[in-house]
Amino acid sequence: IKFYNEHELKNVLYDRLPVWAENALKTGETSWWGFEDESWIDIFPDWIDFHWKTVPVEISAHFMTNMKQPDTREKQLKDPRRNVKYLENKDHQFTANQVVLGDYILYIMTSEKPYYMIEINDRVMAHNFREVFKMLWNKI
């Protein structure tokens, strides 16, 4: 379990992306699953663009988001491998990214300061988080 503070976050995202992608290919779990907070898109659009330009073509994403529907930001970040479902119900007040890829779980806070990320490398926990996200994805 690793904690990255606001000052480390941007560099860590770039540095760790190859590790996460390699692990995803190794495990065969090649899709990001989880919840994407809309603040993330405002704060790290360059990283999101970099991500889709550099990860292997096998990597995809299935994100649920609190964004109200595709807007200009989302359309600019669109990649055919990026699948998004929109949670418009006010009862769903997620406030941070909660995602899983391969054996990694990431919790990324960008909706308020201080920004931070918690990274967990655990095969069993990642599997269970992924299953929950897949179940939610199929119900939306």
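Read along the sequence, the protein follows the order β-α-β-α-α-β-α-β-β-β-β-α, which comprises 5 helices and 7 strands. Helices (H or I, at least four residues) and strands (E, at least two) are DSSP runs, numbered from the N terminus. The model is predicted: local features need pLDDT of at least 70, side-chain atom pairs count only at pLDDT 80 or more, and totals for chains, interfaces and linings use all residues. Residues are numbered from 1 along each chain as its sequence is written, and side-chain values use heavy atoms, with hydrogens and water left out.

**Overall dimensions and surface**

The radius of gyration of the protein, taken over C-alpha atoms, is 14 Å; this agrees with the value near 14 Å for a compact globule of 140 residues, the globule rule being 2.2 Å times the number of residues to the power 0.38. The C-alpha trace spans about 35 × 35 × 25 Å along its principal axes. Of the contacts (heavy atoms within 4.5 Å) with a separation of 6 or more, 68% join residues 24 or more positions apart.

Buried residues (under 20% relative accessible area, with exposed over 50% and partly exposed in between; 1.4 Å probe, protein chains only) make up 46% of the 140 residues. The accessible surface, from the Shrake-Rupley method with a 1.4 Å probe, comes to about 7700 Å², and 53% of it belongs to carbon and sulfur atoms.

**Aromatic pairs**

A pair of aromatic rings is described by the distance of the centres and the angle of the planes. Rings of Phe, Tyr and Trp (its six-membered ring) pair if their centres lie within 6.5 Å; planes under 30 degrees apart count as stacked, over 60 as edge-to-face and the rest as tilted.

| Pair | Centre distance | Plane angle | Class |
|---|---|---|---|
| W33 and W137 | 5.9 Å | 90° | edge-to-face |
| W40 and W47 | 5.5 Å | 70° | edge-to-face |

**E131 and W33**

Helix 5 also contains E131, which counts as partly exposed because its relative accessibility is 37%. E131 and W33 are 98 residues apart in sequence, and their C-alpha atoms are 9.0 Å apart in space.
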